[in-house]
Every structure is written in structure tokens, then in C-alpha cells.
Amino acid sequence: MAKAYAVFRAGFPYVRTLGMRRVTTFASDLALGDEGRLFIVCRTEIAPHIRKLNQDDEDLGTIDGPFVWPAGIVRDRDENLYVSDEGANNIQVFNTDGQSLAKWGKAGSGPGELNRPSGLAFDLDGNLVVVDTQNHRLQRFSKDGTFLAAWGGFGAEPGQFDSPWGVAVDDEGEVYVADWRNDRIQKFDSGGRFMMVLGRPGSEDGELKRPSGVAVDEHGDIYVADRGNNRVQLFDHHGRYVEKFIGDATLSQMGRKYVLANHKTLRLREMTSLEPQKRFRAPTTVRLGDDGRMYVVDQGSHRIQIYQKDALALTADQILPEQAAPTLMTT
């Protein structure tokens, strides 16, 4: 699908919050399953696992690995789950019931070897793109773990990385990488050829501080989990800054039940400002649903915040050409 010529943006309202501490503890990534299921990587120190929830915030149990320090998760067309384990330097595959289907990868820096793998994405051919974080590169594998290609290397020049983390592949096969320590997003074509840099270090609009996740929607809009700035930023497909999200959380359903049963927590909420409780704390990942929903993994608050995009793609004959001095005024 070609990127939209322009987008009529009517709004992007907050919808709801899912999860809570003790259930989605230190969530780092999620995969969207069928029938509204969510599969959430929880990096607890004692027993890291994958938590299963639905859209009604009901706990559907866990997938317990074994994991050392899981980082990223993605699902294939059959709803099998691929999990990167940066502690074990491998990729593990499970069905939704938690049955182990495969495990591949080993520590090293050679072709097909891994050093703390993190973000995952499928390309248009169904191959798996893996962010090989401490080898400062991306690698492409078949679904059975056969090495296919790699690109990148340590540095700050275009096409180089410094501890990359998140990755996304758009509808045209182009690859977007959250280049963590370089405070930028890099875009590549499907063969790994550098195309564009988005962002620069800082905290102003359009600037980034330790970005950890990236996603691209059907319009070509680019979403960045700007982790160090505690926000998500939205850019259009040209790299133009559009808007930011800072968090609007309400209590999840399971959170309400917990708080109502805890008299001390009720009293503390009555005595303090609730404004900071809404905001993102170190969001790590952004995932997008086919229905226009944006799911933000709000790691520091152990929850998922959900927003709903309200926008229409425009063709060239529906909008004036770009203006020399754009300002937005209402009449």
C-alpha cells in the first residue's frame, strides 16, 4: 500500500489502560493476537514471562519460557509468537498456549550469531528482522533461523548504529530502526540501503532521547517511543513532526479492583495529586492495530495505554499544494 499523499487528522483520543504492577510488571514489548488478545513481555527479575490479556483487561495466564531476559515479541500469520531473549542470545518460538515450537541462535559476532538481541519484525516475505543490539547491526533470518543477511556496524554515520533497539517494517518493505544511543530513527530500503534519518538528540518537539521503539501505520505515519523523554512522538512519512503523546492513563479494570481492596492505597490517592499518575514513564514500545489503535508499553508504570487514531488519507486533488508559510487557524 502506497503512503498517503496527505492525511486529514481529526484526533487521536485516549481509549483505556490495561494491566498493572504485579500482572504486567516491567512490560517491555507486546504482540497483538487474534480476537483482541495481547501477549506482553514482562521482565521481572525472578521469573520473566509473557503475560496474556484481552481487551477487557482479563488475565489469561502466562507463557513461562524458560527465559533469561526476554526483550521483544512478534507474531506470525499463524499467531505463533517469536521472542528475543537478550540474556540467552537466542530467539524462541511458542504457540499461544505456551508450547515451545523452536529455539535458535547463539552468542557471538559472526553471521547469524547474536549479542543481546532485542526488537523483532517480519518483512514482506515472512522473514524475521532481528535487532542485534550489542553487535550494532540488523540481521535477517528465515522463520526457521537460517541466516539470510546483515547490515550496519558501530558508529554514528548514516547506516551505522549505537545499541539499536526497536524495529518496524512498513507496507512497502522499508525498515525503520530505533538507534538508541544515537538518539535517532534510521530508515532503510528492504535490502538495507540507508534512506533517511529522523530526529536528533534533545527534548524539544521532534528531538529524541534514547528512542527504544518504532512503528509505522497504513498512512506511513511513524511513531517513536521516545523513552528518555517519557513520551511518544508522531512523524509523517517525510519525517515531519506532527504531535506528541505524554500519557493519559486511567486505572485499568484490574487496577480498580486492587485499589478498592486496599484501604491504604485509597487513602494515599485521596491525599495526593493524581496528575503524574497519568503520564508515561519510560515507554519502551509502540504497537499498532489494524483498527487504528496505538498501544503504548508504559514500562515504568507497568501498564499499556491505548489510543485511537481518527484520520483519513487524502489524494492530491483533495488538498491544496504545500504552502510557503503554513499556519493553522480556525474560523
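Where is the place of asparagine 89? Asparagine 89 sits in the loop between strand 8 (81-85) and strand 9 (90-94). Strands here are DSSP runs of E, at least two residues long, and helices are runs of H or I of at least four, both numbered from the N terminus. This is a predicted model, in which local features need pLDDT of at least 70, side-chain atom pairs count only at pLDDT 80 or more, and totals for chains, interfaces and linings use all residues. Residues are numbered from 1 along each chain as its sequence is written, and side-chain values use heavy atoms, with hydrogens and water left out.

Stay with asparagine 89. Its relative accessibility is 12%, so asparagine 89 counts as buried. Buried means under 20% relative accessible area, exposed over 50%, and partly exposed in between, with a 1.4 Å probe and protein chains only. Leaving aside residues up to four places away in sequence, asparagine 89 touches Gly105, Lys106, Ala107, Leu114, Asn115, Arg116 and Pro117. A contact means heavy atoms within 4.5 Å.

Now step back to the whole chain. It has three helices and 26 strands. Buried residues make up 52% of its 331 residues. The radius of gyration, taken over C-alpha atoms, is 20 Å; this agrees with the value near 20 Å for a compact globule of 331 residues. That rule is 2.2 Å times the number of residues to the power 0.38.

Next, the core. Nonpolar side chains tend to be buried together in soluble globular proteins. A nonpolar core is a set of buried Ala, Val, Leu, Ile, Met, Phe, Trp, Tyr and Cys residues joined through side-chain atoms within 4.5 Å. The largest one has 15 residues, and Leu18, Leu30, Leu38, Ile40, Leu53, Tyr295 and Ile304 touch the most other members. Strand 3 (27-32), strand 4 (38-42), strand 24 (293-298) and strand 25 (303-308) each supply at least two residues of this core. Beyond four places in sequence, the contacts of tyrosine 295 include Leu30, Leu38 and Ile304.

Finally, look at the backbone. Most residues other than glycine have a negative phi, and most peptide bonds are trans. Histidine 302 has a positive phi of about 60 degrees. Histidine 302 lies in the loop between strand 24 and strand 25, and counts as buried because its relative accessibility is 3%. Aspartate 183 also has a positive phi, near 55 degrees. Its loop runs between strand 16 (175-179) and strand 17 (184-188). A cis peptide bond joins glycine 65 and proline 66, with omega about 20 degrees. Proline 66 is in the loop between strand 6 (59-63) and strand 7 (70-75).
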